[in-house]
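Please load the coordinates in your viewer and keep the selection tool at hand.

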Amino acid sequence: MLTSLRCVFIITLLSLLTAACGPMDNNVDTGTAGQILHLGNGSEPPSLDPHLSTAVNSSNIISTLLEGLVTPNPKTLEPEAGAAISWDISADLRTYTFHLNPDGHWSNGEPVEASDFVYAWHRLLMPELAAEYSYQLFVLENAEAFYKGDITDFNQVGVKAIDRLTLQVRLKAPTPYFLSLLSHASTFPVHPETVAAYGDIDDPGNLWTRAGNFVGNGPFILTEWALNRIVRVEKNSHYWDADTVALEEIRFYPIDNLGTEERMFRSKTLHLTVGVPEEKIARYAKDKPELINISPYLGTYFYRFNVNKAPFDDSRVRRALSMSIDRQQIVDAVTKGGQIPTYNLTPANTLGYTAKAAIPFDIPAARQLMAEAGYPQGKGFPVVELLYNTSEGHRKIAIAIQQMWKLALGVEIRLFNQDWKAFLETEKNGDFAIARGGWIGDYVDPNTFLDMFVSNGGNNRTGWSNQKYDQLIQQAGRTAGTDQRFEQFQQAEKILIDDSPIIPIYTYTAIYLKSTDVKGWYNNVLNAHPIKYVYLQRDD
Amino acid sequence: MLRFIIYRILQAIPVLLVVISATFILIRMAPGGPFDAEKAVSPYVLEKLNERYNLNAPLPEQLFDYISGIIKGDFGPSFKFPTRSVTEMIATGLPITFELAFYAMLVALLIGITAGLVAAIRPNTAQDYVPMSVAMIGICMPSFLMGPILVLIFGIWLEWLPVSGWGYSAGDKILPAITLGSTYAAYIARLTRGGMLEVLSQDYIRTARAKGLPTRTIIFKHALKGGLLPVVSFLGPAIAGLLSGSFVVETIFQIPGLGRFYVQAAFNRDYTMIMGTTIFFSMLIIFFNLISDIIAAYLNPRIKLGGEG
């Protein structure tokens, strides 16, 4: 009896081993052969509804399923034909007339019409839907008033279907970045009958976004959405530019953990990752530079002061702290991901704009300012807290800066971390002295950074307020000529930097791993990669 | 026996009510809410959202509404994933977590009992020290270390097994099961050794030896049943621990189980999802403790059920 048991055991073990020892198929090899792209996509996408999506992981998927009026050029991000083949702009720069592509079709074969956009934009602005990104359309005439319930007739809002293929948009002021707003998922069209078929138009629980229900006008169609497991999209044969689309299928994996993602990349389970564990960046950059991508990203890492609380109600103290940080050392020795030290808010060369104002790195001058403010060699300076959301990366930067301030100015700073949601609440309540911040541009224009610090702006959170600054930002929003607009931004940014409610630290870089098989994938500051140009090919 | 089971189930109801109320109040006290986001949400939108999810009502009223919902089987929609109901999410994650726990338990029992037996047969020799030292390492090594090491060896260097996924290929359940099971294998090994040593020192075993029975028969036929008693009473808490503690392993191996949902929900302040999963896990723990008590009573006639002995 025992001998036969032992036999069974040995046979099982042997068969397991032989099965295991055979060469394993991997996603990268089979995917590249069959044009199936496997990519990491951060955490589980909360929603695939373009009007409700707020996260990058959602919009990565949505932009394969739906197409806006324009699509960004993969290299320059210049708007190119999308659902609209062409557009006219009126002389006062406030009326845009879009001519829709007559070949544009939904994935069920029906034509894409101008009224579909009106329907979608109406939906985005419905107060009951409570869409967080509705403000993307506030540049339209009366859009904000409709959203806030001041007017209830949507016909008064500046969007109109002139005929089946002509859409007219009326802006409240010339908005030079209007076209780039149109590559944002929140402005994409939705198929009215499909939305209506699976629930109320203003119900966020509407099931039209499930696989099998989803009808889109983009290059791919949704074929599977398994919670916390995978989102799978396949090529859409009804797409007007299907000839350009090389990929047959894309598989998005929701992976919360960068360590797991990196192991999946290393074992050839993924072509692309969303990030790289910090401790591995230097190693990849040195040993496998062909696999790691490090490129400038339209985002700024900074600290906010609470200007309503002593000692940071004194701009001399704020400037002194900002002036005594060695940003070059932080990017070289702490973050090590090719980040660019920055001395102002707007990343350099944003649509050709580079701020002239800059906070100097000047420790003697900083000491002088502290002495003037009544804290010579840091004497009498209260112990204040530096708040950051729990993360190893933020902690390291905070420790470095804590040390720098101690050495340069003799001030003691205590570090304090909270989990993300708690951090947001503390910050919102103004219950901090210094808090970590970061901002990624929504579109390529200085406005996306500078309008953050207008008085009482929702994302200001410093309590800082300057009338002249507010005026300049408001004027820039109404100015048509680029030179004049940029001059207004320059002046505004100078006020911001001189008064220093924030400490700019570095410009972000997009850091991720990419198989050499991935082609048609270009670096740009929005880290946007229009998927229809991407293909897979192995170099010999 | 039936009386005992009914008694224990009735006992569970107030326990669950306390768990529900305490969790409900604790998550509301945690700083930060489900709709806090990096980009400021306008007060107007926030108001609409609070209205939709009934967050403006007084807390006792919310709790009452919630409990009445549960009684009807409605755990509400997830705050973070607006198109998913909590019930749907638990139904998706739970079978996977169960499966993982089942394989991990198999691994734990197989390795644990074998190692414990081997050690108990020749106590205080190399045959005892080696497996017990390995078991000690197993207890001490956390799964967030064990997992990546196993992946590195078998997934990346040897390329024998997949590094992630669940149900995509034949081998992708092996490493997660070993990682999750190993800690419990180590406990079981030590419990088996202890239980066996105690039994082996008893008179009836000495009698069996004196009769000249082969060691194999003594161990498997006479000693094992009694020697495994400590393991059996450990099984209930162990299974509950496997189910509720699978989060780390699910994250390392990219497994869409309930553990990941649970931890994500806590970080997202997804109130309904936190409530749903907490209630579910509490029920599981109560259930498996009950089962393990019943089995222990069955194996050991000295344990009296019903509390009167």
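Begin by selecting strand β5 of chain A, residues 95–100, in this predicted model. The strand is mostly covered, with 5 of its 6 residues buried.

Display the side chains of A:Trp87 and A:Phe98: the former stands opposite the latter, which belongs to β5(A). Then move to the hairpin that β4(A) and β5(A) form, where 5 residues lie between the strands. Select A:Leu93 there; this residue takes a positive phi near 65 degrees.

Return to β5(A) and select strand β7 of chain A, residues 166–170. These two strands also run antiparallel, and 5 bridges join them.

Now turn to the nonpolar cores. The largest has 218 residues, and A:Phe98, A:Leu140, A:Tyr303 and A:Trp405 are those with the most contacts inside it. Which helix gives the most to this core? Select helix α4 of chain B, residues 86–121: its contribution is 13 residues.

Centre the view on A:Leu140. Beyond its neighbours within four places in sequence, A:Leu140 is in contact with A:Trp121, A:Val157, A:Gly158, A:Val159, A:Val169, A:Arg170, A:Leu171, A:Lys172 and A:Phe178.

For the last stop, select A:Val276, A:Leu291, A:Ile511 and A:Leu513, which are among the 8 residues of another core, lying apart from the largest one.

Definitions and conventions
Residues numbered from 1 in each chain as written. Chains lettered and ligands numbered in written order. Predicted model: local features only at pLDDT ≥ 70, side-chain atom pairs only at ≥ 80, totals over all residues. Heavy atoms only, no water. Core = buried A, V, L, I, M, F, W, Y, C linked by side-chain atoms within 4.5 Å. Buried < 20%, exposed > 50% of the residue type's maximum accessible area, 1.4 Å probe, protein only. Helix = DSSP H or I, 4+ residues; strand = E, 2+ residues; numbered from the N terminus. Contact = heavy atoms within 4.5 Å. Pairing = 2+ DSSP bridges.
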